[in-house]
Amino acid sequence: SEVLTQSSLICTELERRFPASGTSLAGDEAQKWQRWADERLGSIGKQFVLSSASAVSFSSDLGGVLSELETKLAHGERYVLGAGFSVADCAIAPFLLRLEMTYTLSSKHWPRIAEYVRNLRARHSVKATTTSSWWWWW
């Protein structure tokens, strides 16, 4: 048996093994957003958090990445791929919640992301895997 260490791969494997668990792989689109979370949001967000930059000096790179997510959420659904929670949300949530925990993401600049964060935080699965203090992330 193969050992998986990357969270997006773990999510995909769990979805494959337990399709009735309430998440949706939604094919290529979910995998696209998993990669986006790992390659764009994760790498730029991590640089920002570890640099101790202030919210005032929000980098244009991070702002651009958040704008990409804001645009994706324009469809008005609760989650990235629609009404149902998916592995794409599982991939995005840790990065986004860590940023939001460190810096309040402006609902003025990113109102859809602010609503998305509220939707994520309302889920039992998200509440059970995050805390109000700094957690293992970064």
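Visitor: At roughly what angle do the axes of helix H4 (residues 87-102) and helix H5 cross?

Guide: Helices here are DSSP runs (H or I, at least four residues), as strands are (E, at least two), and they are numbered from the N terminus. Each axis is a line fitted to C-alpha atoms, for helices over the stretch in contact, and angles run from 0 to 180 degrees between N-to-C directions. The axes of H4 and H5 come within 11 Å of each other and cross at roughly 110°.

Visitor: From which number are the residues counted along each chain?

Guide: This is a predicted model, in which local features need pLDDT of at least 70 and side-chain atom pairs count only at pLDDT 80 or more, whereas totals for chains, interfaces and linings use all residues. Side-chain values use heavy atoms, with hydrogens and water left out, and residues are numbered along each chain, as its sequence is written, from 1.

Visitor: How are H4 and H5 described, given their angle?

Guide: Angles under 35 degrees count as roughly parallel, over 145 as roughly antiparallel, 65 to 115 as roughly perpendicular, and the rest as oblique. The crossing of H4 and H5 is at roughly 110°. The two helices are therefore roughly perpendicular.

Visitor: How many charged residues does the contact of H4 with H5 have?

Guide: Contact means heavy atoms within 4.5 Å, and here Asp-89, Ile-92, Ala-93, Leu-96, Leu-97 and Glu-100 in H4 meet Ile-113, Tyr-116, Val-117, Leu-120 and Arg-121 in H5. As to the classes, Ala, Val, Leu, Ile, Met, Phe, Trp, Tyr, Cys and Pro count as nonpolar, Asp, Glu, Lys and Arg as charged, and the others, Gly among them, as polar. By class the contact of H4 with H5 has eight nonpolar residues, no polar ones, and, of charged residues, three.

Visitor: How many nonpolar residues does the contact of H3 with H5 have?

Guide: The axes of helix H3 (residues 60-72) and helix H5 (residues 111-122) come within 8 Å and cross at roughly 75°, which makes H3 roughly perpendicular to H5. The contact is made by Leu-66, Leu-69 and Glu-70 of H3 together with Pro-111, Arg-112, Ile-113 and Tyr-116 of H5. By class it has two charged residues, no polar residues, and, of nonpolar residues, five.

Visitor: How many helices does the secondary structure of the protein come to?

Guide: From the N terminus on, the elements of the protein run α-α-α-α-α-α. The secondary structure comes to zero strands and, counting helices, six.

Visitor: Is Asp-89 buried or exposed?

Guide: Asp-89 lies in helix H4, and, leaving aside its neighbours within four places in sequence, it is in contact with Tyr-79, Val-80, Gly-84, Tyr-116 and Leu-120. Buried means under 20% relative accessible area, exposed over 50%, and partly exposed in between (1.4 Å probe, protein chains only). Because its relative accessibility is 0%, Asp-89 counts as buried.

Visitor: What kind of aromatic pair do the rings of Tyr-79 and Phe-85 form?

Guide: The structure holds two aromatic pairs; rings of Phe, Tyr and Trp (its six-membered ring) pair if their centres lie within 6.5 Å, and planes under 30 degrees apart count as stacked, over 60 as edge-to-face and the rest as tilted. Tyr-79, at 4% relative accessibility, counts as buried, and Phe-85, at 7%, counts as buried. Since the ring centres of Tyr-79 and Phe-85 are 5.4 Å apart and their planes stand at 80°, the pair is edge-to-face.

Visitor: Over the ring of which residue does the charged end of Arg-123 sit?

Guide: A charge sits over a ring if NZ of Lys or CZ of Arg is within 6 Å of the ring centre and within 35 degrees of the ring normal. The charged end of Arg-123 is 3.8 Å from the centre of the ring it sits over, which is that of Phe-85.

Visitor: How far apart in space are Leu-41 and Glu-68, C-alpha to C-alpha?

Guide: Leu-41 has its place in helix H2 (residues 27-50), and it is buried, with a relative accessible area of 0%. Leaving aside its neighbours within four places in sequence, Leu-41 is in contact with residues including Val-65, Leu-66, Ile-92 and Phe-95. Leu-41 and Glu-68 are 27 residues apart in sequence, and in space, C-alpha to C-alpha, their separation is 9.7 Å.
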